[in-house]
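Please read the numbered points alongside the display below.

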Amino acid sequence: MPQNNPNYYAILTSDVRYCPDLSSSEKLLFAEITALSNTLGFCKAGNSYFAKLYKSTDVTISRNIKHLETLGFIRIEYEKKGAKVTQRKIYTINKND
């Protein structure tokens, strides 16, 4: 489970909703990230959380997150201690702003 609790609603922006390059599961993942971002302004859930939630695999979630990032719908920041990643922060980006 992530440290931040999901809100009661998720946001699916029109730029994501109507993007022909995204699968339905990627759109749903984006919406889940918005729900988990409400408290802190970013999502810190790991791939295993999403995989368990959507009965998927870590690899599939990783691929979906990378695709969302490549298309510019999310931005990811990593906090590191030496070479080890201690936290990942996922920020959503609304291209319509």
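1. Patches are made of residues with over 30% relative accessible area and no salt bridge, where like charges are joined within 9 Å and nonpolar side chains (Val, Leu, Ile, Met, Phe, Trp, Tyr) within 5 Å. Accessible areas come from the Shrake-Rupley method with a 1.4 Å probe, and for residues only the protein chains shown count as cover. In this structure, Tyr-8, Tyr-9 and Ile-11 make a nonpolar surface patch of about 430 Å². Tyr-8 belongs to the segment that precedes helix 1 (14-17).

2. The model is predicted, so to speak of local features requires pLDDT of at least 70, side-chain atom pairs count only at pLDDT 80 or more, and totals for chains, interfaces and linings use all residues. Residues are numbered from 1 along each chain as its sequence is written, and side-chain values use heavy atoms, with hydrogens and water left out.

3. Helices (H or I, at least four residues) and strands (E, at least two) are DSSP runs, numbered from the N terminus.

4. Which residue is buried yet has no salt bridge? The residue is Glu-26, located in helix 2 (residues 24-37). A salt bridge is a side-chain nitrogen of Lys or Arg within 4 Å of a carboxyl oxygen of Asp or Glu. For Glu-26, the nearest side chain of opposite charge is that of Lys-27, 8.2 Å away; Lys and Arg count as positive and Asp and Glu as negative, while His and the chain ends are not counted. The side chain of Glu-26 does reach the backbone nitrogen of Ser-23, at 2.8 Å.

5. Asn-47 lies in helix 3 (residues 47-53) and is buried, because its relative accessible area is 18%. Between Asn-47 and Ser-62 there are 6.4 Å in space, C-alpha to C-alpha, although the two are 15 residues apart in sequence.

6. How many salt bridges does the structure hold? It holds three. One of them joins the side chains of Lys-66 and Glu-69 (3.4 Å, N to O). These two residues are three apart in helix 4 (residues 58-70), so about one helical turn separates them. Lys-66 is partly exposed at a relative accessible area of 48%, and Glu-69 is also partly exposed, at 25%.

7. Strand 1 (residues 74-81) and strand 2 (residues 84-92) run antiparallel and are joined by eight bridges; two strands pair if DSSP finds at least two bridges between them. They form a hairpin with two residues between them, and Gly-82 in the turn has a positive phi of about 70 degrees.

8. Arg-75 forms one with Glu-77, with the closest N and O atoms 2.4 Å apart. Arg-75 is partly exposed at 38% relative accessible area, as is Glu-77 at 33%. Glu-77 also stands opposite Lys-89 in strand 2.

9. Lys-89 forms a salt bridge with Glu-79, the closest N and O atoms lying 2.8 Å apart. This pair links distant parts of the chain, with Lys-89 in strand 2 and Glu-79 in strand 1, 10 residues apart. Lys-89 counts as buried because its relative accessibility is 15%, whereas Glu-79, at 34%, is partly exposed.

Terms used
Buried means under 20% relative accessible area, exposed over 50%, partly exposed in between (1.4 Å probe, protein chains only). A polar contact is a pair of N or O atoms within 3.5 Å; within protein, one must be able to donate a hydrogen and the other to accept it, and residues adjacent in sequence count only if both atoms are side-chain atoms.
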